[in-house]
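User: I am trying to learn how the words used for a protein model follow from its numbers. Could you take me through some of them, one step at a time?

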Amino acid sequence: MPDAAVQSQAFQADVAKLLHLMVHSVYSGRDVFLRELLSNAADACERLRYEALADPALASAPFAIRISIGKDAQTLAIEDNGIGMSRQDLTDHLGTIARSGTRAFLDRFGNEAQEAGSADAREKLDLIGQFGIGFYSAFMVADRVDVFTRRASQTEGFQWNSDGRGTFSIQPLAAGEGPVHGTKVVLHLNEESRNYLESGCIERLVREHSSALTVPIEVVEKKGEEPRRLTDGAALWTKPKAAIEEKDYTEFYQTIGGVFDEPELTMHWHAEGRHDYTVLAFVPGSRPFDLFDPSRPGRAKLYVRHVLIREDTEIVPKWLRFVRLVVDSADLPLNVSRETIQDSPVFAAIKKAVTNRVLQELTKLAGNDKEKYARIWDHFGSVLKEGLYEDPDKRDTLFDLARFATSADPAGGRTLKEYVENLQPNQTSIYYLLGEDLAHLSASPQLEGFRARGIEVLLLPDPVDAFWVATAVGYGGKPFKSVTQGAADIKSIPLKEKPDAGAEETPPAAGLATLYALMKQALGEAVEDVRGSDRLSASPACLVASDRGPDRRLERMLAESGRLGQASKPVLEINPGHPLICALAARVGTPDKGKFEDIVWLLFDEARLMEGEKPADAPHFAARLTRILVDAASRPTS
């Protein structure tokens, strides 16, 4: 049989079911209805503003949007004095799902602008609606919606009404009825939505979602009352910086953050070019209580054309999570509900640019106001250092921002540049010591040999330090090296002071080798090795990681988190010039093996205690200590 002729047919739709899906499936919550209707009202005012450029008589009064609460009638009305609609507009835009009047206007305006030689003029319009579905969100909260409208420059007005179940009706308005020009949307609220009749609820929604609209919004709480202004139609970040006072920035920061402190740093800029957006950012003056909460969302409010899309957007990386941000863009693509941002090159470019600008501002502050930057680093340095591990591309910038406590400057504030400029002769590495707090780090026996040679050591008490130093190549051509890992290669660095003439004489090398072998035999599997130390000058012993294993602090952290199978054995390093070690060496070959082993194990446990660890075996530690003390107490006093 011959093939039938190909026929093209239009898709058919069950309008009632489609409208039900639009109302109940597009949006994640009912609150969004007010944002959508206010956005439509703002678009109507913007369109009239444009029309009035050619005919100033069209806009006779300042633009405003009014919300009227009717508790007796259970209605909520949103009224604007914008462009309004004709009968055909009502049919086209309210009677046709997903047909946007704003989009049609933009297309027409874009063609006109192109013909006039102003192709970019379209971008100067603050128009929000694009999809033609925002109006239908009203049916999430209303059993019936009435629309009273009159188009500017026309005398005839119309009423549109629908119950949202697939049909609508349009009828003319009587003379004097409805707005002079503009639109009034009246929602007959359903039973579940009566909470929107409370002025507090309305005010909260306006301030959260629509406070940045370019048209002032006011509310009338009872019929006959004077309207109360909720927003002034000009978001703070849209104003010129010269017109904003410091107290305005502070009040805004306190409002968006729900805090009472003052910002340590305020950043405000407008970016133009490939992408157009405005940023207002703050570095807090104090540390938020949930700064280290892993479930803490981003603190960036994202606006698109002055409408809040998300208030917890991840615009800057996690290691800048302390920054409070408002970003307002005209370029970002949205999903149909305008509640989430589509993953796009535009959004990625904005995030990258905002991150770079924040880092530039911090770098500038670090150079121009060291005292203020020191306060920022004190509050948020441990968070910024996360970027050293998580974001290698930003590592060089963050190295310049980083401030450290060192063995020479425990109070902190030392830069890596200053460290490298003060390297000792023959020093080839940047030395660091990991630990849990600065007090323990400053008292660590591992620092003794470095101090004796004037070598500065970075003191790193934050958990993230153990990770970034393990992955960072180095700084200024100098690698990072742990003072507790492997043999200390500092013999070639001269001592600052010669040893005291009355100091103990170091035992012969052969005697030390025998002593170390016996100590290793006594400790058995508890250690990998026992050897002499270059890093000790006052303490008898310390523990270090082997040349092949991770730093001991990192190893403990991995073990505590269950990410380490079997811990490596430490190396016990001995100070050969310490009086106790000299006395032990002299006892080699004596018959009292038990006392020798007790002392060796006590040395081992003392080294663990100096690192903040517990004795290897607490009962045995106590028994050995008691035996040694009893022996010492039983000796006759001289």
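Analyst: In this predicted model, the buried residues of α17 pack against α15 (509-523), β20 (571-574) and α18 (593-610).

User: Which residues of α17 are buried, and what makes a residue count as buried?

Analyst: Within α17, which spans residues 579-587, the buried ones are Ile-581, Cys-582, Leu-584 and Ala-585; the word is used for a relative accessible area under 20%, so each of these four falls below that cut-off.

User: How do you know on which side of α17 they lie?

Analyst: Around the axis they cover an arc of only 160°, and that is why they are placed on the same side of α17. As a general point, an α-helix has 3.6 residues a turn, so residues three or four places apart point the same way.

User: Why are α15 and α18 called roughly perpendicular?

Analyst: Their axes come within 10 Å and cross at roughly 80°, and because angles of 65 to 115 degrees count as roughly perpendicular, the term applies to α15 and α18. On the α15 side the contact is made by Leu-515, Leu-518, Met-519, Ala-522 and Leu-523, while α18 contributes residues including Phe-596, Glu-597 and Trp-601.

User: What kinds of residue make up the contact of α15 with α18?

Analyst: The residues divide into ten nonpolar, no polar and one charged; Glu counts as charged, so Glu-597 of α18 is the charged one.

User: What is the mean pLDDT of the protein chain?

Analyst: The mean is 85, and 87% of the residues reach 70 or more, although over residues 100-106 the pLDDT is below 50, as it also is over residues 116-131.

Conventions. Residues are numbered from 1 along each chain as its sequence is written. This is a predicted model: local features need pLDDT of at least 70, side-chain atom pairs count only at pLDDT 80 or more; totals for chains, interfaces and linings use all residues. Side-chain values use heavy atoms; hydrogens and water are left out. Buried means under 20% relative accessible area, exposed over 50%, partly exposed in between (1.4 Å probe, protein chains only). Helices (H or I, at least four residues) and strands (E, at least two) are DSSP runs, numbered from the N terminus. The arc is that of the directions from the helix axis to the C-beta atoms. Contact means heavy atoms within 4.5 Å. Axes are lines fitted to C-alpha atoms, for helices over the stretch in contact, and angles run from 0 to 180 degrees between N-to-C directions. Angles under 35 degrees count as roughly parallel, over 145 as roughly antiparallel, 65 to 115 as roughly perpendicular and the rest as oblique. pLDDT is the predictor's confidence in each residue, from 0 to 100.
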